[in-house]
Amino acid sequence: MVGVTEGRGPAPAAAGRPVDRPLLSLALASMMDEVHAHSGAVYLLSPDQPVLEMAVMAGMPRAFAAPWERVGLSAPIPVARAVRERRLIWVGGEEEMARRYPRIAVVLPYPFALAALPVSTPATVYGAVFVTWPGSHPPVLSDWEREHLTAACDRLALRLERATAERRPVRPEPDLLDAPPAGGLSGTLGSEEAVRMVARLPYGLASLDLHGRVSFANPAAAELLGKGVGELLGTRLWSSVPWLNDPMYEDRYRGALISQQVTSFVALRPPGDWLSFRMYPTTNGLSVRITRARPVSELGRGAPPAGMGSSSLVAISQVLGLAGALTEAVSVQDVVQLVADEIVPAVGGQALLVLGSQSGRLHVLGHRGYPDPRIVDGFHGTPLGAPTPGTHVLSTGVPAFFDCRHQLERLYPGEQTARDGFAAWAYLPLIASGRPVGTCVLAYADAHPFPAEERAVLTSIAGLIAQALERARLYDAKHRLAHGLQQALLPHSLPRVPGFDAAARYLPATQGMEIGGDFYDLVPTRPTAAAVIGDVQGHNVTAAGLMGQLRTAVRAYTAVGQEPQQVMRSTNRLLMDLGVELFASCLYLRLDAAQGCAVMARAGHPPPLLRRPDGRVRVLDLAGGPLLGIDAAASYPTTAVGLAPGSVLVLYTDGLVESPGVDLEEALARLGRQLNEAGHLPLGELADRLVRHSTAARERIDDVAVLLLRARGDGRAQAA
């Protein structure tokens, strides 16, 4: 069985007579014909892994989709998303692909449209389908196309369900590509007269099949290319003609086939002849017109760089796709998870182990897919001088590939890797900035030969993983520093102040270093108390350091008895004198329990909310001055607000209410409604509720600080 039953995970593989006729191929061909798509593929869900595996492709060589032959369900690409969300995913063109799925656009930067759909019944997902159209397709999928595609996928799902019930396994099928024309020149072009006419043309004319193989070439084409007609037939141009062996030229052929648009390029035939190639695509191949081009001095183009000829465009495409994925990883665990989710399935592996070095010993940075964690624990702390493949690869920078268990045990007797339940391994050195930073171990369930091209691709991938890992380790180190600094600068707990209960919450932004300049404080004085909340511009160590200075300054000015307006003026002058060119908003309160009031001064800070004992809520429109750090001569008028017993003040930073696409007034109104409904709760619960129900706080684009004060009126105090 190739399905996943809802809520049960992968189903066991079925045994029995396989499906007789090509079920998947027929369904795909019919689907493409109905909606006039020019390529497509069917994926089946692996029975024992959350992985989609390409079972058949039509209209294009499978090499075009090489990076996505095996796709993890969590991958951010259309077929995986279609399965996750159980709906049709539409990408209307090149720009939309680049915006929504940049990993695909990096590898296939051509104009085409794509639709991906799940193949599922209400209870079971069996796989997915994608189909593509040339770039000339309208940017919107029509209703009839949507209906036909959905109905076709539903029919295929029912057939797969029936095959599963009858215990007839559905297996991958041969890809659907038109066979190259037979019968020589006349079979290709028609009548003998047409052959003679083409042979007399003064320019070169060749025909390529979908794989890029030459099925016809006239004498002029052979002369221009410097090869006999017999030497060209059945070969790929970039393989048989050395000076065309450049990935750039192969890329033009791919672009023409995928976009179904006329494409051209110019190439240098040594020593100094420039030829123009113009490709006219159809759904079963290309016609190529070859002519002499203008001199290079007129084209403003240099010769292809030496040494590029041996590159494989398929391998380059795979590496490009994985490079795009790795750019999204931030922390070390992000790197490990992404490699496990996307790279391991793509190369056919089943498990992953990432090792680093620390204090002369191996250090396990992360792992996925090992059934027994004790196997992984055995790697941790291994001396770098120990004779193991992991330490050897890390110290030498040379990859090691073991096709089978016997090969590993012969070279490393007693090596614990051989007892991990897997049958083949690739040990890849992770080298960044010219030095080894770790080892990546890919494990395979079955014996796995590693041909030269696959070894080259894996080694290239390891280089990308190493760079991502180095960036992630630096990020993790900065994050630990930032987190420690943030914890040191904010109050560990709120002091008790007479006549008021208090609670506070702080959430760092999820962007940048997760450290910012939001701060709050509660300062007990006799016989009053002071509360302050503020926001220093920026999300970095500089902002956090300045926040600490401002918080300390406010405490100092409060301790010497300055009035609220004086505290704000003094803090403003301090910020100007520091010369850091950063601004800060601030709201300062002097709390007087005996008088039942608060005197407030505001410097460009969001207005506080006040909930009266009867539940009414209003936004306090306070007088105030400019942001701190703008005008050394600024003044900050004060406003006195009465606080009856049971009144609740909500002080907050803009991260609680400001979010892209959200109206500020509506956000304040929503906050007021929450305060009205839940204002009777203990302050700790109220603070959690206000943060939890804030759209801006959930997105965490900015830091969020909240300070709540409730007037008790009895001279006692509590902090939550």
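Which strands does helix α11 lie across, and at about what angle to β11 does the helix run? Helix α11 (residues 247-259) lies across β11, β12 and β13 and runs at about 165 degrees to β11. This is a predicted model: local features need pLDDT of at least 70, side-chain atom pairs count only at pLDDT 80 or more, and totals for chains, interfaces and linings use all residues. Residues are numbered from 1 along each chain as its sequence is written, and side-chain values use heavy atoms, with hydrogens and water left out.

**Overall make-up**

- The chain holds 23 helices and 29 strands. Both are DSSP runs numbered from the N terminus: helices are H or I with at least four residues, strands are E with at least two.
- Of the 720 residues, 51% count as buried, meaning under 20% relative accessible area with a 1.4 Å probe and protein chains only.
- Among contacts with a separation of 6 or more, 62% join residues 24 or more positions apart. Contact means heavy atoms within 4.5 Å.

**Sheet with β9 to β13**

- Five strands form an open antiparallel sheet in the order β10-β9-β13-β12-β11. Strands pair if DSSP finds at least two bridges between them.
- β10 (214-217) and β11 (263-269) are the edge strands, each pairing on one side only.
- The twist averages 25 degrees from one strand to the next. Axes are lines fitted to C-alpha atoms, for helices over the stretch in contact, and angles run from 0 to 180 degrees between N-to-C directions.
- β12 (residues 273-282) and β13 (residues 285-292) run antiparallel and are joined by eight bridges. P281 has L286 of β13 as its bridge partner.

- β17 (residues 424-432) is mostly covered, with eight of its nine residues buried.
- Three bridges link β17 to β16 (residues 400-402), and the two run antiparallel. F402 stands opposite W425 in β17.
- Nine bridges join β17 to β18 (residues 435-444), again antiparallel. L428 has C440 of β18 as its bridge partner.
- β17 and β18 form a hairpin with two residues between them. S433, in the turn, has a positive phi of about 55 degrees.

**Sheet with β20 to β26**

- Another open antiparallel sheet has five strands in the order β20-β21-β22-β23-β26.
- β20 (517-524) and β26 (638-642) stand at the edges with a single partner strand each, so one side of each is left without a neighbour in the sheet.
- Here the twist averages 15 degrees from one strand to the next.
- β21 (residues 529-536) and β22 (residues 584-592) pair in the antiparallel sense over eight bridges. A531 has L589 of β22 as its bridge partner.
- Helix α19 (residues 541-559) packs on this sheet and touches β20, β21 and β22. The direction of α19 makes about 20 degrees with that of β20.

**Cavities**

- The whole structure has five cavities of 30 Å³ or more. A cavity is a set of points, on a 1 Å grid over the protein atoms alone, where a 1.4 Å probe fits but cannot get out; lining residues have an atom within 4 Å of a point.
- The largest cavity holds about 260 Å³ of space. Grid points are joined across faces, edges and corners, and a volume is the space filled by probe spheres set on the points.
- Of the 18 residues lining the largest cavity, W68, L108, L114, F130 and T132 are the closest to its centre.
- β3 (39-45), α2 (78-85), β7 (112-120) and β8 (124-134) each supply at least two residues of this lining.
- The lining divides into 15 nonpolar, three polar and no charged residues. Ala, Val, Leu, Ile, Met, Phe, Trp, Tyr, Cys and Pro count as nonpolar, Asp, Glu, Lys and Arg as charged, and the others, Gly among them, as polar.

Definitions and conventions. On a 1 Å grid over the protein atoms alone, a cavity is a set of points where a 1.4 Å probe fits but cannot get out, and a pocket is an open set with protein on both sides within 12 Å along at least five of seven lines; lining residues have an atom within 4 Å of a point. Buried means under 20% relative accessible area, exposed over 50%, partly exposed in between (1.4 Å probe, protein chains only).
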